[in-house]
Each structure stands twice: as structure tokens, then as C-alpha cells.
Amino acid sequence: MDIQIPRRSFLAALGLSVGTLALGIAPSEAHAAPPPGLPSGDGGLTANAFLHIAPDGTVSVICHRSEMGQGIRSSLPVLVADELGADMAKVKILQGDGDPIYGDQNTDGSKSVRGGFDDMRKVGATARMMLIAAAAKQWKVPAAQCEAKEHAVVHTASNRRLGFGELAPLAAKVPVPKSKDVVLRPRSELRRVGTALPLLDAPDIVTGRAIYAADVRLPGMLTAVVARPPVVGGKMDRYDGARAKAVPGVKRLVEMPVPKGAPAFQPLGGVAVVADNTWTALKARGLLDITWSAGENGAYDSAKYRETLLAAVRAPGKTVRKLGDVDSALAKATRKVEAEYHVPHLAHASMEPPAAVAKVDGNGCEVWACTQNPQGARKEVATALGLPESKVKIHVTLLGGGFGRKSKPDFIVEAAFLARTMGVPVRLVWTREDDVRHDYYHSACTQRLVAGLDERGKVTAWHHRTAFPCIPATFDTSKTFGDLPELSMGVLDWPLAVPNIRAESCEAKAHTRIGWLRSVHNINHAFAMSSFIDEIAHARGEDPRANLLDIIGPPRLMRLPELGVDKIWNYDDPMDKRPVDAGRLRRVVERATELANWASSRGSKKRALGLAAHYSFLTYVAVVASVVNDGAGKIRVDEAWIVADPGTVVNMDRVRSQMEGAVVFSMSHALHGAITMRNGAVEQSNFRDYQLARIGEVPRNVHVDILTNNDALPGGVGEPGVPPVAPAIANAVFALTGKRIRELPLTRAGVIA
């Protein structure tokens, strides 16, 4: 089938003329060095490392973040263009390679827009000031009498006008203003910020023109796949490669480096088959005869480990949050509500498995990869090859999903090692099975919660214990307690209106590679917190909505003392700048339940609603899920309402799509997600046994509402929609069936289809 989408008209909707793509943050670096990636030598204006204006008026903008479907290449450049006063039809977006000149390029933590909002505006404002200065000098008028709009500088009093292209060579001779002197426009002058803009990459993606890492071809390139130890920390005792070598097209079998110490971003070891093409390499890999030794993680059994975590939360841990006197309040409580929750290991399972192409020669190493973290990849490759970082170049391709997996550059190091060994470019391919079985897994987690209620049913005590192998253990095997960022995701920062609170972190040793997965530990903690609040509602005989609002308490700004913590990780922002706002959490709850018609839609035997809310990545989200009984005893998710308050919005269409995607992404984990391990090895291998939500399971309607809040700084968008989805579904299942589900995935409970 020939799919034709009018790309020109699609781009016209955004006002772009683009081809390829990236952005970064160092406006004061302008002219300091020839910036990578931008046009040069045409006499135009290079205002900084991110922006160039050619004499023909073309504005080139670098996007330094990775595009993986979240639409960052359709959002960040808008900030630059709006500040500049550019005509978007004359803006060209370029993808930035990994380079320190762009500042932090790690595309994770939902921070690209919230972290770069003012910086990207400064990129455009710097050039605008230089253009205005050049025009004012030309006209011999004060700069204050000139303004930049519609791709030109205008002297309002005389109605004289000079286009950006005409001015660019003159502006290139104007001193670059210092960062502190750059003046941003009033927000009211940002014409496109807050509007709905289309996904720039969509036409290339749906027509197959988009270039992913596995699509890259270099002259003389070979293809490699790796047989890796099934257990993290395992080693190859022996192998017989005779049958593999006999496959026509196989060039060489290469023993991979044996990892040392903590896994970190090292390759896992094993044997690589390097061949003419992917099919040959895979066929030969299947003929390798290898004997592995499992190492100290060979006894890891995730089912038994669940019991270890359960024992951990039934014993005292390290106190990490303390307000009032929980023990005394519990002793005086008229009634207690107690529950334990468990979330298993999860895999990232993006549609595109990891892939990288590497070339090593006398000039250094050059890599094309689907990476979320090109600077991290650059550092790891340089270390592995013994090269200075300046000799490593990382080109970022489009990503077919990432969800945190592609911020770990182990696969890129593999490709670089093989390219150096073979002396020719090598394309390293991971299969779906490789990806599922050798991931950096989301941590399994068990939690215990106890609430004390007084004679009026008011919650007077809150006791929360959490145990999970922590992400730092991937880099230091001695780490056995959750660290501050992990605990700040739903344990330390939940705005509870409870006078006595104690949270404890309990010990848990890691036996596999633990990594960041979209919304990270908010998944575990939101599931337990929002499920438990729903349990309290039913114990109190209270409507879950009223109970949730009661536990959130009145609108107020909560800083460290109010939360009962000495310190917190606030998603890299200071608490005094962005305190936890209970009022904003209340408002998303009120709006979601209003849209779902909560009051009159809860009492059917065939349909029920569940509610959950969570605060993460500086954004407030509430979800109402509707579940229905199909009449044959099976339940499915019928409808969902998701309401977010992310503060200032740059691209409304991208925010909405991120919330829609979060519902489906989280449903996959809630309904099906579970990586299990036996004898240290992962038991799942592909989508047939690590199932994602399929079309028939997706709600017939996902209603999204974004509470615009231009008085607030931008919050995260990519991740905060995920956490409340699973508990909202579980609470709806309870409302319909009376069956409380305290362990994910929900399909294991046997009631959901």
C-alpha cells in the first residue's frame, strides 16, 4: 500500500520548512568557537551554538535533545522562533550531535521543556537583540524604537523594515550580549507557545522515510549480534563456534569484554557473531555452543525474592520522613487499615530494540545510535576504547521509543568495541529477545502501609514502608537502600493532610541491572498510595473522591517542614521555587471527577469508576478509569479521563498526546507487565509473553483535559501521566467486583480480560 501524506501541507500547519533535526543552552558561547552542526562560512549570523541566520533568511535551530515520539523537535524550536520573531516557515531544525557545547543533552526526567524554557528563549532573544542593534545602527535610530516581528526588524516610527536575511551579515559584526543582559519578551508576545502544533516527524515516521539507527549504512559495513550471558554477572566458560563459522557470510566470532565490578554501562560479555548481514549473523548465533557460569546472581528467583521484600517491609527500616508521633497515634487509633502491595520487575519494551553503527579509524570513533544520552555515550565509548572524548562523535538518530532504556549506552559501547576489533564499520543489532532478556529493569517493589483512624474516621496516623532494589546498585553493588531521588517519587512528597507520618526505606539487594523506566518509582509508590487511600475510603464508608480530597487536605504550599522531611529531591528544582502545591492536586481531582460525571456514574453492577491522583516531575495528574463487565465474568477498561496541570504549556498537542500515550503505556504494565527471573535468567522473551496493551484492550475513549496555568513554571509532561493509571483501574475493579488487587499485573488476579 502506498501511503501518501501531503508533507508540505503538514509542515505548513506548523509553519516549518524542515528536513532533519536538535537544541541546547549556551547563548553566551556565541562566536567562541565554530558551533557543530550549524551552517558556516556564508556570512550569516551565528548568534550562539544553537542558532544561525543565513543571508537568505533561513533560520537554523539545533535541537540538542533526542526525539523518541514525545515531540521535543516540534516544541523546543517554537520557543526560539517566538522569541526571535521568526516566520516558522523559514525555520530549519537540525538534530544536535553529542557535544558539551549544548549543555546537558540527556533526554530523561521529563525536563527538556521545563528545564530549557528560559534558556531556549534566550537563544532566540540573543539573536533578536543583535538583529535590532544592527538595524538601529543602519537607520541611526535608538534600538528601543525597533522591534523584531514576522522575520524582520521594523522601525515603527518611520515604517522602515529590514528582513532577517538582509540584517544577518550586519548583525554578525555586533557584539554578542552577555547572558545577564539578554531581555526576554513578555509572555503575551509569544504567539505560538501554548497552542496546538503538529508532530514534525510524523510524516517521515508513517511513510517509512525516518532514519533509525538500524537504517544507517556505511561503506564496507558488517553486521553483528551478540550472545550474552543469561544472568547478569555471568561468564562464558567455553564455546564451540565451529558450526557458526561454517555459515556462509560469517566473518568472525569475537569474544566480548568481560564486565568488571558493578554492571553500570558495560557490555555484558559473551560472543559476537560478525557477518555480512543480519540474517546470517542471527543464524550463526543460533549455532553457537556455549557453556555459561551464572555467578552470584544465578540463584535469583523473583518469586522467592518477593517474599524477601515482604519480610523487609514487615521489619523496621530507615526513617526517611517523620511528622508527629506515628506510634502514639496508632496506639490511640480507634481503627487501623493495613495493606501490602507489590509491583514486579518491568521491561522498557520499546518498539525499536537498541541498535548502533560504529566506525573506528585513525581519527577516532564515530557512532550513529538511538540514544537518549549522547554525551553519556560519548564518555563511555571513550573510556572503553581508551580515547579522549574529543575523539568520539555521537550522531543521534530518531528513536522508536525509549522510555529510559536508551539512556544506557551499553549497546553503543558494544558496537564501538566491535568496530575497532574488526577494523571496519559495524552495525550492532539487538533483537526483541535481546532487549527483553537483557534490559535495565524497573525495580520490583513491595510496600506496607498502615493508617490509624480516630473515632470520627479521620486519618490521624500514616505509616509507609517501601523496599526495592535501587538504581544506584547498578553502579555500586553495595547500595541496598533507595536513595533520595527514588524515595522522593511518592514517598517523601505526597501532600498528606495527616498530623502523624512516618515513612521508612527498607533494605533490598539487587540481583539484576536496575534502571530508570518512564516515571520510575512513581509507578510503585502511586500504585500503593492511591490504592491504599481508596482502601481507607471504603473502611471509612466514605466516597473515594471525598476521602481523597480529605487526605490531600486544603489548598496550601508544602515545603520541607510541612512534608516532614529534612531534604528532598525535587526533580532538580529547589523547593522554595517549586513547593508541593496541594491546591493544584485537588483541582485535577475535582476536574477529572467532574468530567467523568463521578457522582452519578458509580453505582452500576456492570460499570464502575476508579480514581487516583499523583504528583510527579512537578506536574499534577488525576485519572478516572471506567471498567465494565462483559457479561462473561471478564472485566475490561472501557473509558478513561486524565487531567493534568503541568503549569505553562508550550505545545498543547504534544501534552495531550503524552497523556493519551501515558494511559496506554501504563495499561500495558498494569494489565500484563511482569518480568520474572528463575536461576537468575529472565523467563520472558518477546511480546508474546511480555504483552503490551493491544488495540482491543485500549479504552474506547481517553478524555484528556489540560489545566492551563501560565502563572506556573512548566512542569514535566512525558512521565507524570503514567503513575495514576494503574491504581485508578485497580480501584475501579474493586468498585465493580469488591475484589481488592494489591499486586500487579491485574490480569494475574483473573478478573480482568
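Backbone details and helix packing

A: Ala264 sits in the loop between β10 (250-255) and β11 (271-275), where helices (H or I, at least four residues) and strands (E, at least two) are DSSP runs numbered from the N terminus. The model is predicted, with local features requiring a pLDDT of at least 70 and side-chain atom pairs counted only at pLDDT 80 or more, whereas totals for chains, interfaces and linings use all residues. Residues are numbered from 1 along each chain as its sequence is written, and side-chain values use heavy atoms, with hydrogens and water left out.

Although it is not a glycine, Ala264 has a positive phi of about 45°. Asn597, also not a glycine, has a positive phi of about 55° and belongs to the loop between α17 (582-595) and β24 (607-616). With a relative accessibility of 43%, Asn597 counts as partly exposed, a class lying between buried (under 20% relative accessible area) and exposed (over 50%), with a 1.4 Å probe and protein chains only. A further backbone detail is the cis peptide bond that joins Leu744 and Pro745, with omega about 0°; Pro745 is placed in the segment after α19. Most residues other than glycine have a negative phi, and most peptide bonds are trans.

The packing itself can be followed from helix α14. Two packed helices are described by the angle between their axes and the distance between the axes. Here axes are lines fitted to C-alpha atoms, for helices over the stretch in contact, and angles run from 0 to 180 degrees between N-to-C directions. The axes of α14 (residues 522-540) and α15 (residues 544-552) come within 9 Å and cross at roughly 115°. The two helices are therefore roughly perpendicular, on a scale where angles under 35 degrees are roughly parallel, over 145 roughly antiparallel, 65 to 115 roughly perpendicular and the rest oblique. In this pair, α14 passes α15 in a right-handed crossing; a crossing is right-handed if the near helix is turned clockwise from the far one by less than a right angle, and left-handed if anticlockwise. Contact means heavy atoms within 4.5 Å, and on that basis Ile533, Asp534, Ile536, Ala537, His538 and Arg540 in α14 meet Pro544, Asn547, Leu548, Asp550 and Ile551 in α15. The residues of this contact comprise six nonpolar, two polar and three charged, where Ala, Val, Leu, Ile, Met, Phe, Trp, Tyr, Cys and Pro count as nonpolar, Asp, Glu, Lys and Arg as charged, and the others, Gly among them, as polar.

Turning to α19 (residues 725-737), its axis and that of α14 come within 8 Å and cross at roughly 30°, which makes α14 roughly parallel to α19. From α14, Ala526, Phe527, Ser530, Ser531, Asp534 and His538 take part, and from α19, Ala726, Pro727, Ala730, Asn731 and Phe734. By class, this contact has six nonpolar, four polar and one charged residues. The crossing of α14 past α19 is right-handed.

Among the side chains, Arg502 is placed in strand β21 (residues 500-506) and, at 15% relative accessibility, counts as buried. Its side chain makes a polar contact with that of Asp327 at 3.2 Å, meaning a pair of N or O atoms within 3.5 Å, of which, within protein, one must be able to donate a hydrogen and the other to accept it, while residues adjacent in sequence count only if both atoms are side-chain atoms.
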